[in-house]
Amino acid sequence: MSLLQKIFGETRQSAALRPLYRAIVARGRDPAWYREGRVPDTLDGRFDMIAAILALVLLRLETGGEAGRDPSVLLAELFIDDMDASLRQLGIGDHVVGKHVGRMMSALGGRLAAFRAARQGGCFGEAVRRNVFHELPPSEAAVVTVAERLERFAGALDAVELRALLGGSLP
C-alpha cells in the first residue's frame with residue numbers, strides 16, 4: 001500500500017466514524033445534563049460532557065480488542081479536529097491553538113483514567129465530581145444525577161454490538 005493510499009484510506013475510515021462522533025457530541029449536548037444534572041451550560045461544561053461521553057465510548061471500543069483499536073484512534077483524531085476548529089472559531093490564534101488542544105487531550109486522558117476506574121469500582125460519583133464539576137458541584141443531587149446517567153449509559157454501551165456502535169448507534 002502506497003503512502004497516498006494510507007493517507008486517503010484513513011480519511012475514508014475517519015469519515016465512516018463521523019456519525020458516531022456526531023452522536024457523541026449530540027449526547028453530550030443533551031439539555032438534560034444541564035437542566036436535571038445542573039452541569040454548567042457553558043463552553044467548559046459542554047466540553048466536560050462531550051469528553052465524558054467520548055471517554056465512555058472509547059472505553060467501550062477498548063473492550064473490542066483489535067477491532068476497536070483503530071476506530072478509537074480515529075475517533076480521538078476527530079475529537080482533536082473538532083476542538084481545533086472550535087477554538088479557531090472562538091478566535092484563538094494559531095500560535096496557541098496547539099497548546100489548548102494539548103490541554104484538552106490531557107483532560108480526555110484524565111477522564112479515560114477516571115471513568116475506567118469508576119467502571120471497575122462501580123462508583124461514578126467521584127469521577128463526575130472531579131471531571132465534570134471540578135470539585136465544585138452545585139449539589140450532591142447533581143453529582144448523583146449525572147453519575148447515575150453516565151453509569152447507565154456505560155452499561156448500555158456494553159450491550160451495543162461493536163459494528164452498530166461504529167456506525168453511530170448509541171444507546
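## Loop residue and aromatic contacts

Gly-122 belongs to the loop that joins helix H5 (94–121) to helix H6 (125–131); helices (H or I, at least four residues) and strands (E, at least two) are DSSP runs, numbered from the N terminus. The model is predicted: local features need pLDDT of at least 70, side-chain atom pairs count only at pLDDT 80 or more, and totals for chains, interfaces and linings use all residues. Residues are numbered from 1 along each chain as its sequence is written, and side-chain values use heavy atoms, without hydrogens and water.

Gly-122 is partly exposed because its relative accessibility is 45%; buried means under 20% relative accessible area, exposed over 50%, and partly exposed in between (1.4 Å probe, protein chains only). Its C-alpha atom lies 8.3 Å from that of Glu-151, 29 residues away along the chain.

The whole structure contains 2 aromatic pairs. Rings of Phe, Tyr and Trp (its six-membered ring) pair if their centres lie within 6.5 Å; planes under 30 degrees apart count as stacked, over 60 as edge-to-face and the rest as tilted.

| Pair | Centre distance | Plane angle | Class |
|---|---|---|---|
| Phe-47 and Phe-79 | 6.0 Å | 35° | tilted |
| Phe-115 and Phe-124 | 5.9 Å | 40° | tilted |

Phe-47 in helix H3 (residues 43–62) and Phe-79 in helix H4 (residues 66–89) are 32 residues apart, and their pair links distant parts of the chain. Phe-47 is buried at 14% relative accessibility, and Phe-79 is buried at 0%. Phe-115 is likewise buried, at 0%, as is Phe-124, at 3%.
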